[in-house]
Amino acid sequence: MQIKVTKTQNPKTHPTGSLGFGKYFTDHMLVMEYKDGAWGEPEIKAYEPFSLDPACSVLHYAQGVFEGAKAYKNEAGQIRTFRLNDNVDRLHDSCERVCIPSFDKKLVQEGIEELIRVDGDWIPTGEQEALYVRPSVVGVENALGVRAANNYLLFVILSPVGAYYENGLKPVRLLVEETYVRAVRGGTGGHKVIGNYAASLKAGEIAKSKGYDQAMWLDAFEHKYVEEVGAMNIFFVTKHKKVLKVLTPSLGGSILPGITRRSIIQMIKEKGIEVIETAVPIKLMAKMAENGQLLEVFGTGTAAVITPVGCFNYQGKDRLVNGGKMGELTTYLYDTLTGIQYGKIEDNRGWVKVINE
Ligand code: PLP
Ligand code: COI
């Protein structure tokens, strides 16, 4: 389908210097409205503020979902998306979880690809830089009854970004959170629902006030098993009786099924290393860190890419991981994943789609 594109009359100046994360936005956005029981056609137009009625449903009951994907540009000028179809699938699943009507996934993916092409000259090409793609779907009916809205807005914005964590690849320090929980099985943690992120803010602020980068979440029932970190899934590289095993929390409905997580599990297995998706007891990880059996810890996410964890604090005690440095497997996975994304390593897994050829 030909997507309607109306170019901006006022192109913005591109940022110079450090991009940070999610601070700058490109010239255009994609919008698609749902009203009278059906989705309309997607349209690309100038990036501009929305006008929302104070009674707009998402402002009251948070019926909304979002996604995060990235597009890259290589030296030859190829625009490359990474597993964008999986992000669109997950957006669709998240909508279903909060009663947002089903949309045409193929059409939305085509719309996002067209938007990226339209703003293709915004894709930054520096070290660790990419164009972050943020689709959202929110309820926009002006009504205060607690029920699914009748009107929705699907919109996609783009942001040229650098590393998610300020210090780039410097290993992060995490504080294991034992009081607050992010999500609970049966809740919405397994979907990218906007309220999950509001629920996570307090522990993140506490962690920062104590000198840590983020909170590490435990399960909501027993506070014993690791779940994930603010914006990333987590992996523990262990060595016991000379056998290397990678543990990562199994998905049980409260953990986001990360697309990077899925990619990394596949890459580790292909390297011949065992990956076990299981309940990961925090006590055991702390013990293994102390007796040298925990070799590496890292997080995975679209924004976070692969972020080494240099230390985690559990019950008031810092546990150093790999002397606070990025480990060997973490480095291999980072180099391979980013190599595929930026086009320096051939993609033989069907993850990358070149969208401007
Ligand atoms: N966990 C949470 C809570 C997230 O918000 C994200 C980011 O999307 C992830 C994990 C990583 O998921 P993905 O690799 O699909 O970006
Ligand atoms: C992502 O990695 O895309 C995320 O959505 C995480 C965060 C920025 C919320």
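What follows is a set of questions and answers on the ligands, the pocket and the cavities.

User: What kind of model is this, and how are its parts numbered?

Analyst: This is a predicted model, in which local features need pLDDT of at least 70 and side-chain atom pairs count only at pLDDT 80 or more, while totals for chains, interfaces and linings use all residues. Side-chain values use heavy atoms, without hydrogens and water, chains are lettered from A and ligands numbered from 1 in the order in which they are written, and residues are numbered from 1 along each chain as its sequence is written.

User: How many residues surround ligand 1, and which are the closest?

Analyst: A residue is near a molecule if one of its heavy atoms lies within 4 Å of it. By that rule ligand 1 is surrounded by 16 residues, and the closest are Lys192, Tyr197, Glu228, Thr260 and Thr302.

User: Which polar side-chain atoms lie 2.6 Å from an oxygen atom of ligand 1, and how much of ligand 1 does the protein bury?

Analyst: A polar contact is a pair of N or O atoms within 3.5 Å; within protein, one must be able to donate a hydrogen and the other to accept it, and residues adjacent in sequence count only if both atoms are side-chain atoms. An oxygen atom of ligand 1 lies 2.7 Å from a side-chain N or O atom of Lys192, whereas the distance is 2.6 Å for a polar side-chain atom of Tyr197 and 2.6 Å for one of Thr302. Of the 380 Å² that ligand 1 exposes when taken alone, the protein buries 97%, with accessible areas coming from the Shrake-Rupley method with a 1.4 Å probe, and for residues only the protein chains shown count as cover.

User: Which space does ligand 2 take, and what volume does that space have?

Analyst: On a 1 Å grid over the protein atoms alone, a cavity is a set of points where a 1.4 Å probe fits but cannot get out, and a pocket is an open set with protein on both sides within 12 Å along at least five of seven lines, with lining residues having an atom within 4 Å of a point. Grid points are joined across faces, edges and corners, and a volume is the space filled by probe spheres set on the points, which for the largest pocket is about 530 Å³.

User: Which helix gives the most to the lining of the largest pocket?

Analyst: Helices (H or I, at least four residues) and strands (E, at least two) are DSSP runs numbered from the N terminus. Strand E8 (130-139), helix H4 (194-209), H5 and E16 each supply at least two residues of this lining. With six residues, the one that gives the most is H4.

User: Which residue has a polar side-chain atom 2.5 Å from an oxygen atom of ligand 2?

Analyst: An oxygen atom of ligand 2 is 2.7 Å from a side-chain N or O atom of Lys192, and one is 2.8 Å from a polar backbone atom of Ala303. The residue at 2.5 Å is Tyr132.

User: How many cavities of 30 Å³ or more are found, and what is the volume of the largest cavity?

Analyst: A search of the whole structure finds four cavities of 30 Å³ or more. The second largest cavity has a volume of about 70 Å³, and that of the largest cavity is about 100 Å³.
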